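Me: I have a model open and want to know what stands behind the words used for it. Please take my questions one at a time.

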Amino acid sequence: MPIEYYFSLALVMFLCGVCGVLFRRNILFVLMSIELMLNAVNLVFVSGSTFLKNLDGQIMVFFVITVAACEAAVGLAMVIALFRRYGTIKSEFFRILRG
Amino acid sequence: MSDQLVFWGLAGFITLSSVAVVTVRNPVTAAVALVINLFLLAGVYAFQGADFVAAIQIIVYTGAIVVLFLFVIMILNLDPEHLRSPRPRIWEHLVLGVVIAGFAYIGYRFLDSLDVGKVASNRLPDNTYDVAMILFSNYLWPFEIVSILILLAIVGSVAIAKKPK
Amino acid sequence: MLIWLVLLFPLVGAVWNGLLLPRHKLLSHSIAVAGVGLSFLAALPLFVSLLGEGAAGSVHLAFSWIQAGDLDIGMEFVVDRLSGVMLLIVTGIGSLIHIYAGGYMNEEKTTARFFSYLNLFIFMMLLLVLGNNMLVMFIGWEGVGLCSYLLIGYWYTHKPNAVAGMKAFVVNRIGDFGFLIGIFLTYKMFGTLSFSQLHEVLAGQESLSPALTSGLTAIGICLFIGACGKSAQLPLYVWLPDAMAGPTPVSALIHAATMVTAGIYMMTRLHFIYYLAPSALMLVAFVGGATALFAATIALVQNDIKKVLAYSTVSQLGYMVLACGVGAFDAGVFHLLTHACFKALLFLGAGSVIVALHHKQDMQEMGGLKKYLPITHAVFLVAVLAIIGFPGLSGFFSKDEILWRAFSFPGVGWVLWLMGLFAAMCTAFYMVRLLCLTFYGKNRSDEHTRHHLHETSSVMWAPLVVLAFLSIFIGYLGIPPFLAEAFHGSNLFSPFLSSVIQVPPAGEVYWSFLHEHHSEALEWSLMGASTLLALGSASFAFILYRNGPTPFLQERKEAFASVYRTLYNKYWVDELYDRIIVRPLKEMSEFLWRVVDLGIINGGLNVLGQSLMFLSGVTSFQMTGSLHRYAVVFILGLMGLVVLVIV
């Protein structure tokens with residue numbers, strides 16, 4: 001398969017992730033969209049590694065997945081804390097940085 | 001032939017599930033769609049011969065992260081009222097259009113300039129062995145640091161999510 | 001080795017008293033006396049080693065201090081005959097005054113701070129006289145100024161004392177400015193500040209270029225400005241009378257015997273510069289003569305006993321400066337020595353009187369103290385006789401030497417001689433007046449004070465007796481040559497110092513008159529004239545004042561009312577300074593403060609701050625706080641950038 005196909009697929013996934021971040025008000029959905037974006041990037045790495053016959057790409061994926069796991073954990077912990085504090089997780093309520 | 005089939009099948013369902021993740025209202029549905037997405041992606045990796053990564057993807061991403069999402073969703077116990085998104089406003093449509101157009105354009109320009117070539121499916125005998133060899137020699141230092149990062153994340157998330165006294 | 005001990009003892013005393021602040025008065029007194037006394041004992045062998053063979057002296061380096069490029073200055077000390085003499089004066093008379101001070105300050109609760117300052121002063125003064133380069137001397141110079149300030153304002157809770165201290169320091173500072181310029185000029189011209197090196201350079205010159213001479217003249221004048229400040233010459237003498245606000249031992253030590261003589265010492269030390277800058281010395285001579293006369297006239301009518309002595313000090317310093325000005329540095333130092341003895345004695349005696357009268361200083365309330373304070377009277381009489389130049393006492397020899405050398409200065413010498421002569425007559429007059437008003441006649445104190453009148457403790461009169469002996473006999477060290485021949489004595493002092501003080505070869509021509517031989521008759525007649533006039537003046541004063549202020553004197557005062565008022569108000573010099581210097585400075589400061597500092601600078605900053613706040617208000621509308629909005633903008637921007645790059 002030509003590599004552009006894989007890249008296009010990754011692009012579509014990334015686009016979906018971006019739209020999710022931009023347009024969903026629910027923070028959980030935002031986090032999920034971020035995971036989607038990360039996966040798109042992973043796809044690019046793996047395809048690149050296969051195409052260039054270099055295993056470094058797959059090592060990168062390893063690290064990306066690990067970091068994504070940490071980020072998801074911390075992010076979800078914050079969601080829980082926010083929900084406990086504000087009773088809602090709609091992003092329009094979090095305006096502390098205003099002014 | 002079979003390659004094409006596999007690819008297009010996977011690609012189609014991946015696209016569908018991606019769209020599903022960002023459009024559905026129910027977070028649980030979205031999580032499930034995410035699971036499907038990640039599974040299929042693991043399949044793509046395996047298709048390309050990256051066994052190790054595929055396995056990691058399933059075990060860590062699907063098996064841990066999305067499960068974590070589900071846990072949180074259930075803990076929060078959101079009511080449907082909560083989940084209703086407000087009507088998208090005009091500018092949101094505009095931004096959507098701009099974003100899609102922009103991405104399309106970027107994609108077009110970028111992909112156009114690539115060297116056309118086939119992905120050599122180099123299914124080497126022992127992908128895991130090769131990955132391990134590189135990981136623990138060239139990338140030992142990042143490996144260790146990442147383990148500390150995980151520790152920090154554990155401690156951090158526990159600290160953040162703890163019930164205040 | 002000994003020299004370090006000499007320097008160390010007073011420093012240790014100062015630090016001990018200053019940091020530990022012992023509560024027990026006897027303890028602090030003993031520490032202080034030890035600080036000076038041990039230093040004196042260490043100085044004696046040093047001095048002895050300078051007699052005879054060791055005339056050359058020695059230089060000791062403590063440590064190398066500044067090394068910056070070409071500038072290399074070490075903490076260097078020189079022990080030669082000149083600094084040896086000063087060393088003995090400072091530590092010897094200093095010890096006597098320290099002993100006296102224990103008795104004087106007995107009414108204080110604690111004296112640790114006082115004695116700490118006194119010892120510190122001794123240390124700084126030693127730095128000054130023992131330093132081998134201008135910078136070490138300057139450290140001592142500033143240090144004694146500091147101690148003077150601290151000690152004048154010792155009873156600082158009484159505001160005028162603090163003000164007097166500040167005045168002393170500020171006026172000194174003006175002089176120090178001149179001194180610093182002199183140091184800079186010296187360094188620029190010669191590349192070194194070390195006395196030994198400067199002496200070598202200048203003594204090695206056969207003749208001087210005009211540029212070098214004018215440079216040396218400039219240096220001389222600048223350094224002399226510093227001497228005017230420190231040694232209270234016109235126009236920077238104004239701090240000395242005010243400095244009498246400090247405790248009397250301070251006045252004795254600092255403002256009579258040691259600190260004020262620093263200027264004379266400095267000029268003597270740098271004789272090789274001054275001998276080669278005759279115009280500067282001419283200025284020095286006239287300033288000295290004028291000061292001597294000026295201050296003596298003011299002293300004629302003052303009523304505060306310490307003020308009389310203060311102006312007398314200024315006048316006597318004028319003599320010493322005059323001596324330096326005519327190239328008679330050895331005579332100047334000799335007078336410094338004798339003056340230290342009898343002036344210290346006068347001040348300490350006055351201090352005894354003040355203590356006996358419970359800190360009253362107005363002579364109009366004294367009188368007849370002879371029978372209440374016999375010992376004090378006896379030593380005081382000796383001092384008065386010494387200062388007026390009574391034949392046979394020390395002051396006679398030293399003052400006469402100066403007058404003679406002034407007269408024999410070619411050209412204008414006789415003018416200087418006349419100035420000195422009139423000053424001597426005034427000196428005799430006011431000193432006898434002081435003696436009479438204080439000790440003779442009827443007692444004018446009130447009942448209460450008279451009841452408590454008694455002689456002071458031995459701690460106080462014993463040092464006075466020693467000083468009295470010195471005042472009588474120390475003069476015999478410096479008998480002028482012509483007299484020496486007549487009485488089969490010899491002049492010890494001049495030859496002693498001449499190994500250190502010599503005219504450099506380049507100045508031989510100008511100063512050749514120093515070696516001229518004058519007729520003995522001229523010397524005898526001059527000496528006779530000045531002595532007779534001084535004694536006559538003294539007798540006149542005695543007749544006028546022997547019974548205290550009489551109605552006759554009151555009439556005389558009214559008859560010469562305007563003259564009297566001018567003299568009494570010190571020629572209104574302080575008022576003049578206030579009008580032309582102090583007040584404009586104050587007003588300028590106030591202007592700078594209100595308009596420039598508060599108005600412009602503060603106002604400018606306020607304007608700046610407010611404009612920033614305005615700007616931030618203008619742009620803060622976009623900080624909605626909505627993360628969502630931020631994310632949108634972020635992604636759009638990123639995309640825009642990427643597109644731009646690609647396009």
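Me: What percentage of the 647 residues of chain C count as buried?

Reply: The figure is 50% for chain C. Keep in mind that this is a predicted model. A residue counts as buried with 20 or more other C-beta atoms within 10 Å of its own.

Me: How many helices and strands does chain C have?

Reply: Chain C has 27 helices and two strands. Among its contacts with a separation of 6 or more, 81% are between residues 24 or more positions apart.

Me: Why are H8(C) and H13(C) called roughly parallel?

Reply: Set the angle against the cut-off. Helix H8 (residues 210-230) of chain C and helix H13 (residues 278-299) of chain C pack at about 25°. Angles under 35 degrees count as roughly parallel. H8(C) and H13(C) are therefore roughly parallel to each other. Their axes are 8 Å apart, and the crossing is right-handed.

Me: Which residues make the contact of H8(C) with H13(C)?

Reply: H8(C) gives Thr217(C), Gly220(C), Ile221(C), Phe224(C) and Cys228(C). H13(C) gives Ser279(C), Ala280(C), Leu283(C), Val284(C) and Val287(C). By class, the contact has seven nonpolar, three polar and no charged residues. As a rule, residues three or four places apart in an α-helix point the same way, because there are 3.6 residues a turn.

Me: What makes H8(C) and H11(C) roughly antiparallel?

Reply: Again, the angle decides. H8(C) and helix H11 (residues 262-269) of chain C pack at about 155°, with their axes 8 Å apart. Over 145 degrees counts as roughly antiparallel. H8(C) and H11(C) are therefore roughly antiparallel. Leu223(C), Gly226(C), Ala227(C) and Lys230(C) of H8(C) meet Ala262(C), Gly263(C), Met266(C) and Met267(C) of H11(C). That contact divides into five nonpolar, two polar and one charged residue.

Me: What makes H5(C) mostly covered?

Reply: The count of buried residues does. In H5(C), 15 of the 19 residues are buried.

Me: Why is Gly20(A) called buried?

Reply: Gly20(A) has 25 other C-beta atoms within 10 Å. The cut-off is 20 or more. Gly20(A) is therefore buried. Its place is in helix H1 of chain A.

Me: Which residues are in contact with Gly20(A), leaving aside its neighbours within four places in sequence?

Reply: In chain A they are Phe29(A), Val30(A), Met32(A), Ser33(A) and Leu36(A). From chain B come Val21(B) and Val22(B). Gly20(A) and Ser33(A) are 13 residues apart in sequence, with 5.4 Å from C-alpha to C-alpha.

Me: How many residues of chain A are in contact with chain B?

Reply: 57 residues of chain A are in contact with 65 residues of chain B. Helices H1 (3-23), H2 (27-52) and H3 (56-86) of chain A each give two or more residues to that side of chain A. H3(A) gives the largest share, 21 residues. By class, this side of chain A has 42 nonpolar, 10 polar and five charged residues.

Me: What does the secondary structure of chain B come to?

Reply: Chain B has seven helices and zero strands. Of its 165 residues, 22% count as buried.

Note on methods:
Residues are numbered from 1 along each chain as its sequence is written. Chains are lettered from A and ligands numbered from 1 in the order in which they are written. This is a predicted model: local features need pLDDT of at least 70, side-chain atom pairs count only at pLDDT 80 or more; totals for chains, interfaces and linings use all residues. Two residues are in contact if their C-beta atoms, placed from the backbone, lie within 7 Å. Helices (H or I, at least four residues) and strands (E, at least two) are DSSP runs, numbered from the N terminus. Ala, Val, Leu, Ile, Met, Phe, Trp, Tyr, Cys and Pro count as nonpolar, Asp, Glu, Lys and Arg as charged, and the others, Gly among them, as polar. A residue is buried if 20 or more other C-beta atoms lie within 10 Å of its own, exposed if 12 or fewer, and partly exposed in between; C-beta atoms are placed from the backbone. Axes are lines fitted to C-alpha atoms, for helices over the stretch in contact, and angles run from 0 to 180 degrees between N-to-C directions. Angles under 35 degrees count as roughly parallel, over 145 as roughly antiparallel, 65 to 115 as roughly perpendicular and the rest as oblique. A crossing is left-handed if the near helix is turned anticlockwise from the far one by less than a right angle, and right-handed if clockwise.
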